[in-house]
Every structure is written in structure tokens, then in C-alpha cells.
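Let's take a friendly tour of a protein model, step by step. Keep the sequence and the 3D view at hand as you read.

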Amino acid sequence: MALSLYVDTARWRAHQKSVIDSFPGLVPVCKGNGYGFGHERLSEEASRFGSDMLAVGTTYEAARIKDWFSGDLLVLTPFRRGEEPVPLPDRVVRSVSSVDGVHALVGARVVIECMSSMKRHGVSEQDLAQLTGAIDDVRLEGFALHLPLDRTDGSDAVEEVIAWMDRLRAARLPLHTMFVSHLRAEDLGRLQQQFPQTRFRARIGTRLWLGDHDSTEYRGSVLDVTRVSKGDRFGYRQQKAASDGWLVVVAGGTSHGVGLEAPKALHGVMPRAKGVARAGLATVNRNLSPFVWAGKQRWFAEPPHMQVSILFVPSDAQEPRVGDELVAHLRHTTTQFDRLVDRQG
């Protein structure tokens, strides 16, 4: 009895191929919890479709993934002087976002991150003059731009990249490779046409692994079902049942990421109103679970436990049975499954 991730493998891989075909030279990203699939599985997938490089989040992830992926590993978190040293092979490429970082990595393979409109990290235009001499002491693999997902000011992502290409060229810095994030395939085509001597490599994670939502599905197994009547007390806090129905114990709790939700940017009146309504219900201990039974998301009977959740199913719905599986709408990047099931055909 488990929280399972079911994967329609043929469909999932067909989607991967469509993305790879649209972005020549793509660098797949495997960071965090491996987008819900795990580092080992995504390393296997990247090897299967012949990627020469895999991007990871941290040096600690690189230390684990190096045993599963034999190509180059690009660490996306920028190097900082004084960070804890982690033993890594020479095929690991470090991202650097400062001139000081370049000076500190003598002999290393590096990708230099440029400050984009994200304003997260990167070298500035004023740093470029100092980089000219500093890069002689490293093995420069290229420059990189991490771009925002939304451009609410109406600006053009391609123009932002072009502006940086012009700055780098004016500083007489090598432009053989530019790593980019959050560009469309047509954007990449425009850039490649304008700069034919530069190889543009898109770093892609979410679109590659999670772009086809219908190719994957989480399901939690029903472990126990208990009939309750209105007023019956139950659970850790001995709350009263609001009506007749069933308490359904389903696999999937806080250790799996159930009940955890990343903050969302809300746009428009209706999403904001729904957010306010959810917050109001939570103040009276009414929280909607991610589990679906008989076509409806069901309410948590009480906050999820470590490895299971207790749901309330009212008496006017069909009674769940032990061994049934409930579809769960969970966010891949915050979920840990017990088992992954490949469905072939």
C-alpha cells in the first residue's frame, strides 16, 4: 500500500523527444527532487536520449548524480569563495556569477552567469573589462543567461539576449557557447540565425519532464475505512464528525509532501478571491485534500499525518474500499513517492 507515481512511459518519452527536437543542443535539468521522478531516473533518461551534459542544482546533487550519469555535469548554483568543498570529477562544470569567483577557480571548467532582468545573480556589464584577463586562468565553457518566465513589461526575451551578446562581443569575450533558460523554440531560432558562430544551449527542466501533464498520475492506496456518525469523535485532536460518512486512511502524508504547497503568484480577481476563500476555510479547520474520490476532491478530516492522510467522505458518496487507489493532484517538485510504476501501452 503506497503513494505511487504512475508514468505512461511511451507518452512521456514521446514528449521528451518533441522538446529535444525543438531545442537542438538542449541541456536537461535534474535538480531538487528530480522533478518528482528522482535523480537516478532522470539521469537514466538523459543517458537514454544521448545528452552529453546534465544540469544539476548543487554540488551535493552533482556528487550523487555523478555515479548515474557519465557525461558532463553543470552545477547551476554559482560558486562562492569559502563554500564547503565537495569532491567532484573534472567533468563537473561550475557556474560563476562574479569576477572573484572566476579568480578563485583557477584551472576549473566554468560557465559565467550574466545578470539578467531576473536580478538574481550574475556578472554586470561593468564587470566585463575585468573578466577579460580573469578567464585566462579557467577553462571557459561559455556564458549563461537565466531569464524570467513572465515579461509583464512587454519586453522581448530575445532582445535581452542580443543586448548581452553585444556587450560580450564589445568586451572581446569569447562567444562560442551561450546557455539560456526560459526561451521558446522560435526565440532560439532567431538567436541562432543572428549569431551563427555561437552555439545556443537551452537549459530545460519543467518543460522537458513535466510538459505533458496527462503522462503521469499520483495515486494513494486506501489503507482503512471507518464508518462514523455525526458527532463521533476521531483523530489526534478528537474532533467531532460534522455528518455521517467514512474516515478514509490513504497512503500519502507530510513525508511525501502531501499538505505542502509552494506559494503561487495570483493574477486576476477570481484566483485572488479563491485564495481568500481557501484561507477563510482553513481558519475553521476545513482544508481540501489533493485526493479525489467519486469525481470530487475530498476534505482532510484532520491535518495529514507523516505517512498517511485521513479524509472525510460523506455518506451520500460511494464507500471506498481498502485497496482502492485515489488519484492525487500533487506538485511534482514537492512530492516524494513510495514507488514508481511504468505503464507500457
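## The annotated domain

UniProt lists residues 18-161 as "domain: Alanine racemase N-terminal", in an unreviewed entry. Helices (H or I, at least four residues) and strands (E, at least two) are DSSP runs, numbered from the N terminus.

This is a predicted model, in which local features need pLDDT of at least 70 and side-chain atom pairs count only at pLDDT 80 or more, while totals for chains, interfaces and linings use all residues. Residues are numbered from 1 along each chain as its sequence is written, and side-chain values use heavy atoms, leaving out hydrogens and water.

## The nonpolar cores

In soluble globular proteins, nonpolar side chains tend to be buried together. A nonpolar core is a set of buried Ala, Val, Leu, Ile, Met, Phe, Trp, Tyr and Cys residues joined through side-chain atoms within 4.5 Å. Buried means under 20% relative accessible area, exposed over 50%, and partly exposed in between (1.4 Å probe, protein chains only).

The largest nonpolar core here has 86 residues, and F37, I112, L131, F143 and L168 have the most contacts inside it. Helix α6 (residues 157-170) gives the most to this core, with 7 residues. Apart from this core lies another, of 7 residues, including V228 and F312.

What is F143 in contact with, leaving aside its neighbours within four places in sequence? Its partners include V111, I112, L131, L168 and F179, where contact means heavy atoms within 4.5 Å.

## A pair of packed helices

Helix α1 (residues 9-22) packs against helix α2 (residues 39-48) at an angle of about 60°, with the axes 12 Å apart. Axes are lines fitted to C-alpha atoms, for helices over the stretch in contact, and angles run from 0 to 180 degrees between N-to-C directions. α1 and α2 are therefore oblique to each other: angles under 35 degrees count as roughly parallel, over 145 as roughly antiparallel, 65 to 115 as roughly perpendicular and the rest as oblique. T9, W12, R13 and Q16 in α1 meet R41, L42, E45 and R48 in α2.

## A loop residue to look at

R172 lies in the loop between α6 and β8 (177-181). Its phi is near 60°, a positive value in a residue other than glycine. R172 is exposed, with a relative accessible area of 75%.

Technical notes:
UniProt positions are given in the numbering used here, feature names are shortened, and annotations may be inferred rather than shown by experiment.
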